[in-house]
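Me: I would like to go through the terms used for this model one by one, asking each time what stands behind the word.

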Amino acid sequence: MISIKGLSKIFTTANNQITAVDDLTLDIQEGDIFGVIGYSGAGKSTFVRLLNRLEEPSGGSVVIDDQEITSLTANQLRVTRQEIGMIFQHFNLLWSRTVKDNIAFPLEIAGVPKRERDKRVLELIKLVGLAGRENAYPSQLSGGQKQRVGIARALANKPKVLLCDEATSALDPETTNAILDLLVDINERLGLTIILITHEMHVIRKICRQVAVMEEGKIVEQGDVLDVFLRPKQQVTKKFVEQVMGTNDEDNGVEQLISTYANGKIMRLHFVGETANQALISHIAKTFQIDINILQGKISQMQHGAYGTLFVQIDGQADEINRAVTYIADETSVEVEVVRDVE
Ligand SMILES: Nc1ncnc2c1ncn2[C@@H]1O[C@H](COP(=O)(O)OP(=O)(O)OP(=O)(O)O)[C@@H](O)[C@H]1O
């Protein structure tokens, strides 16, 4: 639904040229929550601002719903921008206007009559959970409430796409979670496509389905969030995964585990997706004539299921242990790796 081809942005300053976005090609599906992660200076903000032409591209094209954004005239762009909402790290609210009037602002610009405007503003206030705060000024609101106003304002003209530029970076962890929950709710209720840029992997983990990792203006890795978490290829991606999952210290402790538990098979179970929510361990313990102990591990909940690793020890008759392992490998989505076999 969003097709980006060969997109580039070169900034020319007094003494040099900076390629902020470098020949970027990417497709984003309708209704997706698509995350773009990268360190400061990777080109994320420039990329997202190219999508609604807050920055003019130096080359390439952006097509949203069959409409080539990059070739629109200024007048056409004004209309099309109504279909692309945007929220910002520092909210960008109008400080002299109340909540209600901030949300009404894009409707006024679009020439929506007052009666209709008032009705729409009320709907939006309810949608983002700001009932009772209609007449407050931004200075009287918490950070989370300000971002709710930002979201309501961005949704006023019923856009198809919502661009989020570090939308939770100025918020504390609890408020971040509440705003991310709101974005998921809006995505599900309105079928809105959300493109979110961040430098925080926990934001990606919590709400995104697809992720692209940016470095030096390029996308260096991209895919389903669970896959990227499970098999990060690039160094930069591994570092982001470590932000959430911790370093792979568990691997260093494997030798220790093997020597501590003298008997049975020691296995690493990789949980990817829903299965982590099922009582797999107790099911195996009940179904097969084995003892199973959890030695160590970490499971992390994501938008589409859970991801993580458990080290377990299985003890019992060799053929019964093998049946249990075959069951996990063949009947579930859990990946099994034998760290130490039965001796
Ligand atoms: N208006 C501009 N003029 C010149 N250089 C710019 C301009 N905007 C961005 N840049 C440069 O382009 C590169 C990418 O910046 P950008 O803000 O897109 O990165 P980012 O990944 O969003 O990082 P941050 O989170 O720090 O903003 C940086 O080297 C930055 O200095």
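**Terms and their grounds**

Me: Why is D319 called exposed?

Reply: D319 has 8 other C-beta atoms within 10 Å, so D319 is exposed; a residue counts as exposed with 12 or fewer such atoms, as buried with 20 or more, and as partly exposed in between, the C-beta atoms being placed from the backbone. D319 is found in helix α13 (residues 318-331), and its C-alpha atom is separated by 49 Å from that of T198, 121 residues apart along the chain.

Me: What kind of model is this, and how are the residues numbered?

Reply: This is a predicted model, in which local features need pLDDT of at least 70 and side-chain atom pairs count only at pLDDT 80 or more, while totals for chains, interfaces and linings use all residues. Residues are numbered from 1 along each chain as its sequence is written.

Me: How many helices and strands are there in the protein, and what makes a stretch count as one or the other?

Reply: The protein has 13 helices and 14 strands; both are DSSP runs numbered from the N terminus, with helices being H or I over at least four residues and strands being E over at least two. The C-alpha atoms fill a box of roughly 75 × 50 × 35 Å along the principal axes, and buried residues make up 35% of the 343 residues.

Me: Why are α5 and α6 called roughly parallel to each other?

Reply: The axes of helix α5 (residues 143-155) and helix α6 (residues 173-190) come within 10 Å and cross at roughly 20°, where axes are lines fitted to C-alpha atoms, for helices over the stretch in contact, and angles run from 0 to 180 degrees between N-to-C directions. Angles under 35 degrees count as roughly parallel, over 145 as roughly antiparallel, 65 to 115 as roughly perpendicular and the rest as oblique, and α5 and α6 are therefore roughly parallel. The contact (C-beta atoms, placed from the backbone, within 7 Å) is made by G143, G144, Q147, R148 and I151 of α5 together with T175, A178, I179 and L182 of α6.

Me: What makes α3 and α4 oblique to each other?

Reply: The axes of α3 (99-109) and helix α4 (residues 114-127) come within 9 Å and cross at roughly 130°, and α3 and α4 are therefore oblique to each other. On the α3 side the contact is made by K100, I103, A104, L107 and E108, and on the α4 side by R117, R120, V121, L124 and I125. By class, the residues of this contact divide into six nonpolar, no polar and four charged, where Ala, Val, Leu, Ile, Met, Phe, Trp, Tyr, Cys and Pro count as nonpolar, Asp, Glu, Lys and Arg as charged, and the others, Gly among them, as polar.

Me: Why do β6 and β10 stand at the edges of their sheet?

Reply: Six strands form an open sheet of mixed pairing in the order β6-β7-β8-β3-β9-β10, and two strands pair if DSSP finds at least two bridges between them. β6 (84-88) and β10 (218-224) each have a single partner strand, so one side of each is left without a neighbour in the sheet. β6 and strand β7 (residues 161-165) pair in the parallel sense over five bridges, and the bridge partner of F88 in β7 is D165.

Me: Is β6 mostly covered or uncovered, and what lies across β10?

Reply: β6 is mostly covered, as four of its five residues are buried. Helix α9 (residues 235-245) lies across β3 (33-37), β9 (210-215) and β10, running at about 120° to β9.

Me: Why is N92 called partly exposed, and why is K158 called exposed?

Reply: N92 counts as partly exposed because it has 13 C-beta neighbours inside 10 Å, whereas K158 has 11 and therefore counts as exposed. N92 lies in the loop between β6 and α3, and K158 in the loop between α5 and β7.

Notes
Contact = placed C-beta atoms within 7 Å.
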